[in-house]
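Some terms used for protein structures rest on definitions.

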Amino acid sequence: MKIKKQQNTQAYQVGSLIGPTTLLVTVMFLIPLLNFLRNSFNVFVPGQFMQTAWTLENYHKFLTDPYYLSILGRSFYIAFSATLLALVMGFPIAYFLARTKSKWKSIIIMLIVFPLLVGNIIRDVGWISLFSGTGLINRFLLDIGVVQEPIQLLQTPMAVIIAITNVVLPYMILTLHSVLERIDPALEEAAYDLGASRWTVMKSIIIPLGIPGIMAGTLFVFVLSINAYTTPLVIGGSKVQMMAPALYSQISEVSNWPLGAAMAVILIVFTLLSSTIYLRIIERMSMNVRAAGTEVKG
Amino acid sequence: MSQSYLSRIGSKLFILLIFGFITLPVFMVIWISFFKNQLIVFPPKGYSTHWYMQLADQGNFAMAFFFSLEVSLLAMIISLVLGLLSSLAITHYEFRGKQTLQTFLLSPLVVPAIITGIAIYIFLFKSENWLGFNLVPSFWSLTFAHVIITLPWTVRLISAGLQGVNRSLEEAAVDLGASKLQTFWYVIMPSIRPSLVAAGIFAFIFSFNNLEISLMLVSPRQTTLPIEILNYVFWKVDPFIAAVSTVQIIVIAGLMLIADRFVGLSKVF
């Protein structure tokens, strides 16, 4: 790019500051991504590589095969459950953090963030030692006599849901915390002074005002959960397949790039679609709540 | 009165339980690494530190550790420099399409890292034939893939830091005859040092613990630490791999404590 002298130097400065980064993200991210997604319209020829084409064959194959559809359905079900669990567990902690005046607050936040930074594979090592046949949970169940033989915990959807919830919970807590912190405590104090119970305060002040945080948190956590790779691979294995590991094995083991690319597109579009529907539902619900609120006042 | 006391105890207990849940897997890893026997049984037959002594003998893990260290340090430096330059443009200039560009630089955050990794591999693999030299697997393609996933963090943290700089200080420096470069070095840099340190540390951590982006880009003979751990875990889980994991836990805990000194952790996420 030649910059003519009469053009202002500002454009030149902006260009040289942000140009290299933009170039890198374009070459190493945008173009590869578009190129990969383009592969989803190609034809896979076993033995050979693939042929360039414009066909919907791969999408058709995925969307009509119960085996592939079950992977997508399972991914949704596991991500949905993990999101719900993370919300139920995360909300009390986030509220506690937003209201506490304890000097330990920064240490508590560190404890919450820490497992997140350690990385999934390390945590999965811990989960295996808990869930395996000789693991701590089975040992405990045997000792108290609930079961006579070790029960299968690894490679079950429940184990995957618990492990994924554990991964995403810190994100949920931090997102909720940032919103709940901004709610004026005076509102709650006033409600208590007027004789409201804890539950009423929760239901009519904290939760309605916390809706933006709940929305952002659940959405973020759902997207993270449905894209999970390491945890379903290690904890779920071949019995609890999810989209990310399944599409990776299409690419690396089967070498079926077109189908793998189609799965990537389906995963991305499905995530966007369910997020949009979810936002619409929440919007409608919160509008109803507001309408009900004005009715009571009137 | 007693009822509200009970409910307060109850909610404290609930919160403690959830904290237990959050830290449980990490705690398990550290605990197991001190088990004496290779087969993990509860309660353990005894404790010892001999798994840590074996770390040095297992060349694979030491090699993977240093390889990861090299990739992550380099990715951190590159994404710090690029993040700082882009953040300066974003915070100090007005130009058309700024919002779009900013979103574009953050966009690698929303695409699953496994898809980004595959996409980079396929693109470089195809370009290899066209360019006629080796691109994958190579040290530089792996490093730049790590830059892509760490860049959103450095851009976000450094722009936030730059927005907090008092602009009248910069104007004063310019009024007193300082050049743009002098203003940058003597006024801007000192005031954004905390966010630079935090950005660097988080870029390093998110690169170091990322497994998905590297899967397609490493060679079988030279892998990163998370992948080496993954390959071992497929085979078995024993106190040795827990000891390897504990080393990574300690490294990251140390870095997190440093980062917290400079920027409150709750401000990062």
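**Cavity, pocket, domains and chains**

The largest cavity has a volume of about 30 Å³. The model is predicted.

Q: How many cavities of 30 Å³ or more does a search of the whole structure find?
A: The search finds one cavity of 30 Å³ or more.

Q: What makes a space a cavity, and which residues line the largest cavity?
A: A cavity is a space where a 1.4 Å probe fits but cannot get out. The lining here consists of Ser68(B), Val71(B), Ser72(B), His146(B), Ser207(B), Phe208(B), Asn210(B), Ser214(B), Thr224(B) and Pro226(B). Helix H3 (59-92) and helix H8 (180-208) of chain B each supply at least two residues of this lining. The largest share, three residues, comes from H3(B).

Q: What classes of residue does the lining of the largest cavity have?
A: The lining has three nonpolar, seven polar and no charged residues.

Q: What classes of residue line the largest pocket?
A: The count is 34 nonpolar, eleven polar and three charged residues.

Q: Why does the largest pocket lie between domain 1 (1-41) and domain 2 (55-297) of chain A?
A: Both domains give residues to the lining of the largest pocket, so the pocket lies between them.

Q: How are domain 1 and domain 2 of chain A placed, and which residues supply the area between them?
A: Their centres, taken over C-alpha atoms, are 35 Å apart. Even so, five residues of domain 1 of chain A are in contact with twelve residues of domain 2 of chain A, where contact means heavy atoms within 4.5 Å. About 690 Å² is buried between these domains, and carbon and sulfur atoms give 71% of that area. Phe36(A), Ser40(A) and Phe41(A) supply 70% of the area that domain 1 buries against domain 2, more than any other three residues.

Q: What is the extent of the contact between chain B and chain A?
A: Contact joins 78 residues of chain B to 75 residues of chain A. The buried area is about 7,100 Å², of which carbon and sulfur atoms give 84%. Phe21(B), Ile22(B) and Phe42(B) supply 9% of the area that chain B buries against chain A, more than any other three residues.

Q: Why is the pair Lys105(A) and Glu181(A) called a salt bridge?
A: A salt bridge needs a side-chain nitrogen of Lys or Arg within 4 Å of a carboxyl oxygen of Asp or Glu. The side chains of Lys105(A) and Glu181(A) meet at 3.3 Å, N to O, so the pair meets the cut-off. Lys105(A) is in helix H4 (residues 105-118) of chain A and Glu181(A) is in the loop between H7 and helix H8 (185-193), 76 residues apart.

Definitions and conventions:
Residues are numbered from 1 along each chain as its sequence is written. Chains are lettered from A and ligands numbered from 1 in the order in which they are written. This is a predicted model: local features need pLDDT of at least 70, side-chain atom pairs count only at pLDDT 80 or more; totals for chains, interfaces and linings use all residues. Side-chain values use heavy atoms; hydrogens and water are left out. Ala, Val, Leu, Ile, Met, Phe, Trp, Tyr, Cys and Pro count as nonpolar, Asp, Glu, Lys and Arg as charged, and the others, Gly among them, as polar. Domain bounds come from an automatic or database domain assignment. Buried area is the accessible area (1.4 Å probe) that two parts lose on being put together, summed over both. Helices (H or I, at least four residues) and strands (E, at least two) are DSSP runs, numbered from the N terminus. On a 1 Å grid over the protein atoms alone, a cavity is a set of points where a 1.4 Å probe fits but cannot get out, and a pocket is an open set with protein on both sides within 12 Å along at least five of seven lines; lining residues have an atom within 4 Å of a point. Grid points are joined across faces, edges and corners, and a volume is the space filled by probe spheres set on the points.
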